[in-house]
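Hi everyone, thanks for having me. I'd like to walk you through one structure today, so please have it open on your screens.

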Amino acid sequence: MKSLSLVAQGKLKITERDIPKLSGDKSLVKLKDVGVCSSDIHRSFGGGAYFYPLVMGHEATGVVEKSSSSEFSKGQQVVIFPLKPCFKCKNCKKESFQTCSNYGYYGSREDGAYQEYLIVNNWNLLKVPRKINSEDAALTEPTAIMVHVMNILMEDLGKKKAMVASGAIIGGGFLSMILGKLLLFKGLTNFSIFDRNNFKIKFAKIRNIYVKHSKELDKRNSLNAYDWVVEASGDPKSVKKSIEICKPGGLIILMSNISSEVTIPADIFSSILRKEITIKGSWNSSFSHIQKNDWKETIKLFKNGFKPSDFISHRVDLNEVPETLKRLYLHKTRKKQFQAIKALIKF
């Protein structure tokens, strides 16, 4: 099988490997569609890998080739929950697996889905109805992460208040577009998305997601203007801006890995106290085979017509991934433009 390994910082190599043999309570999954996550840019070129060589890829769908469980038949479409809980810590005991204190992770802490086949723990697999498009299924993981953000918002504000509360999403990338579409899907309309990239603004508009230019947030009438703010850009300056534009008693959700150190001036820090703002973090999603959770809710949304694949801008094969990641990195570091929203690997 073909496999793409990150062998050193900035160096990716296609290799031929034997298809792994099945053992234990696991399944052999033949990968079909795999998302390229922005975190893979940092792993590839920003020194963010735990080890080398590493096969990245954690947004994945495929079909079962073989399984140790009678629950999964050959050809069954599945998605992979990439986080591997320890099942021993206090948070795991509460089935809050996304806050596990000693987790593994397909595609970062161990090999993932940038290859044709992957052995996956049966617990980490979720069946996907055949009526759901494979491209949408591959984007279950990022969509579920945005479902998690939406659920934090709804739970903290209350459903009635959330329907009328004013909101701002800072950053207009793929995840923000997904979140915007989710909120509209739920009937929330009183929010704005902000970004400085005109390509993103135009790309979103064609798909009925309206993104305003970030310069609008610098206007005086933006101060204390929003009941809730989601910081989705990873820019340290946007954390400060989130505090400035949040109303007294408002909610801020931080969901992006920050690009550098955050410094909050004393007067801005003081306003957190004086405005009694609630700040919450969100980095992953809830998953369970028993309880209600973000992944099951996401699959239900797909059944009802929600399509994150609308926001794919580039479809590539495995051979094109090294160059795609390099171009994404050069754009992210403002060295060379490469206008993209979301890349998907097609096997």
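Predicted model: local features only at pLDDT ≥ 70, side-chain atom pairs only at ≥ 80, totals over all residues.

Let's begin with helix H1 and helix H11, whose axes come within 9 Å and cross at roughly 90°. With the range for roughly perpendicular running from 65 to 115 degrees, H1 and H11 are therefore roughly perpendicular to each other. On the H1 side, the residues in contact are Asp40, Ile41, Ser44 and Phe45, and they meet Leu325, Lys326, Leu328, Tyr329 and Lys332 in H11. Sorted by class, the residues of this contact of H1 with H11 are 5 nonpolar, 1 polar and 3 charged.

While we are at H1, follow the chain onward. The loop between H1 and strand E4 (59-67) holds Pro53. The peptide bond leading from Tyr52 into Pro53 is cis, with omega near -10°. For those new to this, most peptide bonds are trans.

How far apart are the axes of H4 and helix H10, and at what angle do they pack? The axes are 9 Å apart, and the angle is about 110°. That makes H4 roughly perpendicular to H10. The contact of H4 with H10 has 7 nonpolar, 5 polar and 3 charged residues. From H4, the residues involved include Thr140, Ala144 and Met150, while H10 brings in residues including Trp295, Ile299 and Phe302.

Side chains of opposite charge can pair when their charged atoms come close. Here, the side chains of Asp156 and Lys280 meet at 3.1 Å, N to O.

Strand E11 (residues 191-195) runs parallel to E12 and is joined to E12 by 3 bridges. Within this pairing, Ile193 stands opposite Val211 in E12. In the loop between H7 and E12 you will find Asn208. What is the phi of Asn208? The value is positive, about 65°, although Asn208 is not a glycine. Most residues other than glycine have a negative phi.

My last stop is helix H8. The axes of H8 (residues 236-245) and H9 (residues 266-274) come within 9 Å and cross at roughly 45°. H8 and H9 are therefore oblique to each other, and their crossing is left-handed. Lys240, Ile243 and Glu244 of H8 make the contact with Ile268, Ser271 and Ile272 of H9. By class, that gives 3 nonpolar, 1 polar and 2 charged residues.

That's my tour, and I'm happy to take questions!

Technical notes:
Residues numbered from 1 in each chain as written. Heavy atoms only, no water. Axes fitted to C-alpha atoms, helices over the stretch in contact; angles between N-to-C directions. Helix = DSSP H or I, 4+ residues; strand = E, 2+ residues; numbered from the N terminus. Parallel < 35°, antiparallel > 145°, perpendicular 65-115°, else oblique. Left-handed = near helix turned anticlockwise from the far one by under 90°. Contact = heavy atoms within 4.5 Å. Nonpolar A, V, L, I, M, F, W, Y, C, P; charged D, E, K, R; others polar. Pairing = 2+ DSSP bridges. Salt bridge = Lys/Arg side-chain N within 4 Å of Asp/Glu carboxyl O.
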